[in-house]
Every structure is written in C-alpha cells, then in structure tokens.
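Dear colleague,

Please find below the structure I wished to pass on to you, together with its sequence. My notes on it follow.

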Amino acid sequence: MSKLKTTALAVLAFSSSAVFAGTMGPVCTPGNVTVPCERTAWDFGVQALYLRPAYDADFGYHGYRFDSVSNNYRFNENQPDWNWGFKLEGSYHFSTGNDLDINWYHLSHTTDKNYNVFNPFDTDITVAANIPYHVSWEPKWDAVNVEFGQWVDFGEFKNIRFHGGVQYARIEHSINFNPFGFVGLNGNVDTKFNGFGPRVGADMSYDWGNGFAMYANGATAILVGNSTFNNNNIFFTGGTVHGSKSSIVPEVEAKIGATYTYAMAQGDLSLDAGWMWVNYFNAQHVGSVVLGIPTTHESDFGLQGPYVGLKWVGTV
C-alpha cells in the first residue's frame with residue numbers, strides 16, 4: 001500500500017511540474033547553408049555614377065563674407081558640384097561559387113565658383129567691403145579593386161558574397177584661385193595621394209523571385225602610400241610651398257540597391273540601381289605660409305550619390 005502511495009505522489013509531482021513549466025513552443029529548423037553548383041562563366045558590367053565629393057572643415061570652406069547690417073560673418077562652402085563618373089567591371093566565375101573580379105571607378109570634374117569674401121586689409125571693419133573671389137576646383141578619383149569572392153547561399157532567398165583582395169587608389173585636387181579680384185595674383189594648389197593595400201567586404205542579397213533582388217554591400221580597405229602637395233600662393237608667400245609624407249589611409253564604402261535579372265539564351269542581363277557612399281580618412285593635406293606663419297590642413301575625401309548600370313553574365 002505504501003509503495004502505491006509513493007508512486008501516486010511521484011506521478012502527481014511530475015504532472016504538476018509539467019503544468020507549471022507550460023507546453024513547448026514551435027521548434028525552428030535552420031535552413032541549409034550551401035555553395036552554388038559548379039560552373040564557369042564570364043561577366044562584364046558598366047555603371048554610370050552621379051556623385052558629389054565632401055570634405056572636412058579644413059577643406060570645406062573658402063573664405064568668408066561680412067554682413068555690415070547684421071554684423072555677422074558667414075563662411076563660403078567650398079564643395080564641387082554633382083558630376084558623372086563611371087565604373088567598369090569584369091569577372092571570371094569558376095568552381096562552386098568562386099569568382100575573380102576586377103573593377104575600376106573614375107571621377108573627374110571641374111567646378112567654377114565665384115564668392116564674395118571679406119577684405120582683410122580694410123582697417124575700418126564697419127565699412128568693410130566684400131570683394132569678388134573666383135575658385136576653380138577639380139577633384140580626380142580613381143580606384144581599382146582586385147577581389148577574390150565566394151558566394152554562400154543561406155536558404156532559398158538569401159545569399160552573401162564574401163570577398164577579399166587589394167585596392168589601388170589615386171586622389172588628386174587642382175585648385176586655382178584669384179584672390180580679392182586682383183589681376184596677376186592668381187594662385188594654385190595641387191594635392192595628390194597614391195595608396196595601395198588590402199581590402200575585404202561582403203555583398204548581401206535577398207531574392208524576391210521573378211528576377212528581382214535587393215542588396216546591401218559593405219567593404220573596407222587600409223591603404224599605404226604617399227601624399228604630396230604644391231601650394232603656389234603668390235599673394236601671401238611670393239613663391240611655392242610644397243611637402244610630402246607617407247600616409248596610412250583607411251577607407252570604408254557602402255551600397256544599397258536593387259537588381260532585376262533577365263534570363264536570355266546566351267546568358268543573363270542584369271539592371272542595377274542604388275546609392276553609394278565612400279570615404280577616405282585624412283587622404284588630403286596641404287600646407288601654407290600666410291604672412292610668415294606656417295599652417296597645415298588635412299581632410300577626408302568622401303563621395304556619395306546614386307548609380308545605375310548593366311551587367312551581362314555568360315556561361316562558358
């Protein structure tokens with residue numbers, strides 16, 4: 001009889017604990033992580049870029065103007081206009097989701113702007129005049145990436161291309177200016193950075209079906225190179241100020257966009273559109289001597305804007 005009671009109490013205790021613990025919820029089964037089937041293919045692509053550069057405050061302003069009515073100063077923004085560039089790309093696809101990709105970005109454009117700047121030689125600030133000041137600003141950017149990639153499929157709709165490789169980048173600026181409207185006192189500043197280093201990134205894509213997909217890509221690089229400048233400012237220095245230094249420049253970039261792929265008899269044709277951001281940290285520097293006082297300035301070089309392109313992938 002005592003054994004029967006003991007057994008009953010044990011069953012009651014177990015059932016009570018089950019009641020308090022509750023029932024188990026649904027169990028999620030993770031999807032398969034696979035690589036694409038083996039194939040060999042080539043692809044070629046071109047993109048039209050519509051970008052605008054951006055700078056730190058050291059490079060982002062050019063003089064200031066004075067409002068005698070409000071007794072306020074306002075700095076003039078020194079930013080180039082939006083302009084077209086391009087990206088050319090070619091890839092070789094092999095094995096199970098591997099590829100070797102080479103791409104080239106290019107941008108070059110001249111912006112002419114006229115400012116009104118405060119006359120620093122007017123001894124009476126209450127009647128100081130703003131004098132015309134002309135600036136011609138030409139940024140040039142080239143970046144060549146060589147990447148080895150591996151596609152990985154995370155289930156039916158998601159895939160990521162992991163890639164690593166190297167980047168070569170060249171960033172140049174040619175700035176010509178006519179200070180204070182005085183004839184014969186034109187000056188110019190030329191800056192240049194050339195760098196090379198490792199680069200890694202990931203391209204994440206979600207397939208909606210029927211050829212449509214959306215993506216978010218990111219990459220970063222560390223470039224080692226040489227940064228130089230020549231500052232020919234006749235008005236203040238009477239000559240040329242120049243310098244050179246070794247530089248380590250980190251670079252980050254990101255893209256978001258969407259694609260539509262149309263399957264053809266001789267391959268696939270993809271339409272690609274999105275927005276990109278690129279920034280090179282402390283990529284440009286310049287020195288000057290103003291009234292005998294040496295100064296140096298340093299700035300990031302950034303780019304951002306939309307793009308649209310076509311890519312053809314053909315199986316060998």
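**The nonpolar core and its surroundings**

In this predicted model, the largest nonpolar core has 31 residues, of which Leu51, Trp141, Ile171, Met276, Tyr280, Phe301 and Leu303 touch the most other members. For leucine 51, leaving aside neighbours within four places in sequence, the contacts include Trp141, Met276 and Leu303. Leucine 51 is also in contact with Asp81, Trp82, Asn83 and Leu107, as well as with Gln304, Gly305 and Pro306.

Strand β2, residues 41–55, has antiparallel pairings to report. It is joined to strand β5 (residues 83–94) by 11 bridges, and the two run antiparallel. Within this pairing, tyrosine 92 of β5 is the residue opposite tryptophan 42. Strand β14, which spans residues 293–315, is likewise antiparallel to β2, with 13 bridges between them. Here phenylalanine 44 faces tryptophan 312 of β14.

A further site that may interest you is serine 227, located in strand β11 (residues 212–233). Is this serine 227 buried or exposed? Its relative accessible area is 1%, and because buried means under 20%, serine 227 counts as buried. Its side chain makes a polar contact of 2.8 Å with the side chain of histidine 285. Not counting residues up to four places away in sequence, serine 227 touches His285 and Ala283, along with Lys192 and Phe193. The residues touched by serine 227 also include Gly243, Ser244, Lys245 and Ser247.

With kind regards

Terms used: Residues are numbered from 1 along each chain as its sequence is written. This is a predicted model: local features need pLDDT of at least 70, side-chain atom pairs count only at pLDDT 80 or more; totals for chains, interfaces and linings use all residues. Side-chain values use heavy atoms; hydrogens and water are left out. Two strands pair if DSSP finds at least two bridges between them. Helices (H or I, at least four residues) and strands (E, at least two) are DSSP runs, numbered from the N terminus. Buried means under 20% relative accessible area, exposed over 50%, partly exposed in between (1.4 Å probe, protein chains only). A polar contact is a pair of N or O atoms within 3.5 Å; within protein, one must be able to donate a hydrogen and the other to accept it, and residues adjacent in sequence count only if both atoms are side-chain atoms. Contact means heavy atoms within 4.5 Å. A nonpolar core is a set of buried Ala, Val, Leu, Ile, Met, Phe, Trp, Tyr and Cys residues joined through side-chain atoms within 4.5 Å.
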